[in-house]
Amino acid sequence: MKYIFQILILAVLAAYVYGDCSSLCYQKNPIAPCVNDTACLNPDTDKYRGLGCNADGVAQECRFCGWNVYKQINCPTMCHDWCNAANPLTPCFTDPRCLDILTDPYKGLGCAALNLDQCRFCGFGDFASIPCPK
């Protein structure tokens, strides 16, 4: 019982110190993004059936997204936030068009930024022709 109480305290402290799970995931592994998703709290009604939940090892509602077997799970603003954290001079944004290069107007140029399937570099170097959303 003593250890369970200590684990709960650590979980609360982690949530307080790191904010949402995306911050904690970034701290643990910068190439494994995750997002807060309360659907993880009930796997029976979750459309992904619990896939990627408890990503940070602390909160059940923290879900891996946007990469590997989790690529069908969208990371809403993760891409932009993570690019800024990695290097503000290399902007990127979430772009689901990267999932279908045949219909993508840029034919995959800039896709897989930070190793995220739906993340596209924009507005610099070889990606200058791709406008960054405001």
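Helices (H or I, at least four residues) and strands (E, at least two) are DSSP runs, numbered from the N terminus. This is a predicted model, in which local features need pLDDT of at least 70, side-chain atom pairs count only at pLDDT 80 or more, and totals for chains, interfaces and linings use all residues. Residues are numbered from 1 along each chain as its sequence is written, and side-chain values use heavy atoms, with hydrogens and water left out.

Q: In what order do the elements of the protein run from the N terminus on?
A: The protein contains three helices and four strands. Read from the N terminus, their order is α-α-β-β-α-β-β.

Q: Which element of the protein has the lowest confidence?
A: Confidence is expressed as pLDDT, the predictor's score for each residue from 0 to 100. The protein averages 76, and 73% of the residues score at least 70. Strand β4 (residues 119-121) has the highest mean, at 89, whereas the lowest, at 34, belongs to helix α1 (residues 2-18).

Q: How many contacts does the stretch of residues 1-19 have beyond near neighbours in sequence?
A: The pLDDT is below 50 over residues 1-19. A contact means heavy atoms within 4.5 Å. Beyond near neighbours in sequence, the number of contacts that this stretch has in the model is six.

Q: Is Phe-121 buried or exposed?
A: Buried means under 20% relative accessible area, exposed over 50%, and partly exposed in between (1.4 Å probe, protein chains only). Phe-124, at 22%, is partly exposed. Because the relative accessibility of Phe-121 is 19%, this residue counts as buried.

Q: Which residues form one aromatic cluster with Phe-121?
A: Rings of Phe, Tyr and Trp (its six-membered ring) pair if their centres lie within 6.5 Å; planes under 30 degrees apart count as stacked, over 60 as edge-to-face and the rest as tilted. The whole structure holds four aromatic pairs; among them, Phe-121 and Phe-124 are edge-to-face, at 5.6 Å centre to centre with 85 degrees between the planes. Phe-121 and Phe-127 are stacked, at 5.4 Å and 25 degrees. The residues that form one cluster with Phe-121 are Phe-124 and Phe-127.
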